[in-house]
Amino acid sequence: MRTRHNWNAIVNIAVLSAAAFSNLQVVAQAPDKAPRAWMHQVRIGAYGLTPDNSSKIIHQASDSWVYGIEVDNDIPGRYESLLDPATKLRAIQDVATAAHGAGNKAFVYVAGLECISADRTGRQTLAKQHPDWLQRDLSGKPAIFTSDAAFWIRPGEEDAWVSPYAPAWRTLYMQRIRQIAATGIDGIYVDIPYWMTHFKGWEDSWASFDDYTVAAFKKRTGLDARRDIKLGDFNDPGFRKWIDFRIDTITNLLADIRSNAIAVNPNIAIIPEIYPGFEEAAVRVGADVYQIYPKVDAIAHEYEFGDGDDHTAASRTPFDWNMYQIGIRTFRAFAEGKPTWILNYSWDGAPHVAPKDAMLNLAMSELMAGANVWDAKGHVMSGSNDMPARIEIYKWIADHQDVLSAPRVPLGTVSVYFSESTRNYYPKEFVDSYRGALLLLLRKHIQFQIVTPRSLQSFHGSTLILPDVRLLDASEESSMRTFYSRGGKLVLTGQSAKLLRNLSKAARFADDPCSRYLAAAKSDLEHPSSESESNFLKAVDDQSAISVEAPPDVVVHVAQVSQSPHFFFANFHGLQAGTVAVPTPVENIRIVAPLTFGTTLHLLPFMGASTVLQGAPSGNNVEFTIPKIERGTIAWITP
């Protein structure tokens with residue numbers, strides 16, 4: 001879903017002449033030693049930017065403990081300012097200066113491939129003046145929309161989606177990116193850089209088939225996209241090339257945006273907002289966060305999971321919350337140390353849930369999984385459902401930033417493999433199996449890592465699970481055979497059982513207990529087990545030196561932080577979608593760890609103050625019992 005600010009609260013910004021623009025001061029910045037460290041510490045709030053409200057924004061942000069201020073005046077996404085950005089550039093410079101004066105950071109919203117013209121009946125609209133810029137479906141229909149397509153398009157506006165291969169547009173767009181970077185702003189937030197496949201009637205278009213894009217595909221592959229591919233047929237080699245081409249196009253667009261920005265301002269950050277997670281939608285819109293992370297400085301995931309219509313925290317079931325944790329852990333694996341921001345929504349009118357409770361659940365779940373928090377009102381980017389609650393939550397985060405924003409290295413000897421190529425060509429089958437494997441490990445409190453093709457060669461665990469992986473290239477297969485030859489255990493489920501032949505001790509489960517577990521858990525999360533899953537867990541053979549005993553609705557992420565093991569507990573026990581948003585406290589959580597880690601356990605309850613308790617040595621181990629966990633708790637062991 002595309003999100004915007006509440007535009008009713010934003011005044012229109014007049015366009016100045018080119019002469020006025022030429023007087024804009026360029027803010028020169030030398031490279032910092034750690035220019036983007038702030039991105040790991042953000043507590044985000046969003047504001048509509050006008051020519052004269054910079055000071056007000058900074059004061060409001062400071063009053064609610066916001067660190068990392070998103071401002072919106074969208075230069076390239078509004079046709080009038082795409083042509084003449086002078087006034088908006090001045091406002092960006094003003095807010096950057098004000099933020100830095102207050103010891104804060106600010107980043108500015110820009111659209112990706114969407115551009116809105118104010119008056120679709122007038123002569124000066126993007127679609128009328130530049131029809132060759134437009135994305136098109138296979139029939140040639142241009143991607144032009146009106147206010148009935150999305151809530152952020154006002155009556156009378158023209159909403160156009162541009163081809164990233166339109167050369168004149170791309171030149172102009174990159175010029176605007178460089179001008180924005182020159183204002184001294186800390187980041188550029190690029191919203192949904194997608195191929196148009198997410199508005200009604202375009203879902204199965206697999207666009208775009210404009211002349212520029214078709215020519216670029218032909219140059220790369222020798223194929224005519226309009227004639228030589230079987231659209232939507234994942235088994236067709238031509239369609240697979242179209243999939244890869246579309247993903248590479250969006251990835252390269254973001255890399256180009258970043259190179260243009262840092263050429264002017266070496267300290268600036270590029271943060272795309274991406275709403276698909278790691279599932280099939282990423283393939284359809286062409287924005288694959290796995291491929292994008294290495295090309296940008298962070299990703300803001302508008303990641304929604306839930307069966308309810310509004311997808312808010314207030315409407316999530318315990319199953320939804322588990323899937324949400326799996327999503328964030330997957331993003332953190334893709335990020336490889338870069339920040340993961342979450343733009344998600346806590347409450348949008350649920351009559352039986354207090355907004356504060358929904359906000360607390362959402363913030364807790366994101367923090368425990370290792371992501372940064374963004375508070376917003378309803379389904380827009382700005383505001384808050386409960387400003388006093390935001391202040392309380394953000395102050396607590398600020399007070400414990402050293403723990404929450406420190407780098408984490410997941411502990412555990414078991415790993416699950418994310419196969420990007422399998423996800424691209426067999427999205428449903430792979431995602432179901434992948435989620436099922438991770439859900440089973442979460443519910444059994446078996447600590448895990450997520451391994452990807454980029455991290456495979458550096459993996460040093462004892463067990464690697466391939467959840468219905470169907471494709472391995474030569475490098476992947478070589479790394480897995482090397483892992484096996486060194487004594488590593490391979491557990492292959494579904495179609496993975498047909499791979500890596502001649503490895504006699506690899507555990508093979510052709511019936512795929514992982515996808516079966518997921519299917520059972522969707523209908524009955526508390527009783528999904530079967531003999532097949534029991535055999536699967538025996539094959540996994542967890543060898544971790546740390547164990548946790550807790551109810552299955554308590555998720556725990558164990559990671560090394562600052563040289564000591566940390567336990568991040570998220571309690572979803574007793575939550576009911578739309579009715580119960582206060583989890584039932586759980587008691588007597590037991591941790592067993594090697595005695596060498598120490599005998600003191602520090603406890604930091606979510607929204608509480610830290611305490612300590614002493615463990616009971618037992619042989620080479622030490623045992624701790626946490627008396628109670630309410631919403632969430634962070635615990636760590638020291639000597």
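Helices (H or I, at least four residues) and strands (E, at least two) are DSSP runs, numbered from the N terminus. The model is predicted, so local features need pLDDT of at least 70 and side-chain atom pairs pLDDT 80 or more, while totals for chains, interfaces and linings use all residues. Residues are numbered from 1 along each chain as its sequence is written, and side-chain values use heavy atoms, without hydrogens and water.

**View A. The loop around Asp 541.** Asp 541 lies in the loop between α19 (531-540) and β18 (547-549). Its phi is near 55°, a positive value in a residue other than glycine.

**View B. The loop around His 445.** His 445 sits between α16 (427-443) and β14 (448-451), in a loop. Although not a glycine, His 445 has a positive phi of about 60°. With a relative accessible area of 8%, His 445 is buried (under 20%).

View C. The bond from Ala 207 to Ser 208 is cis, with omega near 20°. Ser 208 belongs to the loop between β7 (187-191) and α7 (211-221). Most peptide bonds are trans.

**View D. The residues closest to the centre of the largest pocket.** Of the 41 residues that line the largest pocket, the closest to its centre are Arg 332, Gly 337, Arg 408, Val 409 and Pro 410. Elements that each supply at least two lining residues include α11 (318-335), α12 (355-369) and β19 (554-561).

Notes. Buried means under 20% relative accessible area, exposed over 50%, partly exposed in between (1.4 Å probe, protein chains only). On a 1 Å grid over the protein atoms alone, a cavity is a set of points where a 1.4 Å probe fits but cannot get out, and a pocket is an open set with protein on both sides within 12 Å along at least five of seven lines; lining residues have an atom within 4 Å of a point.
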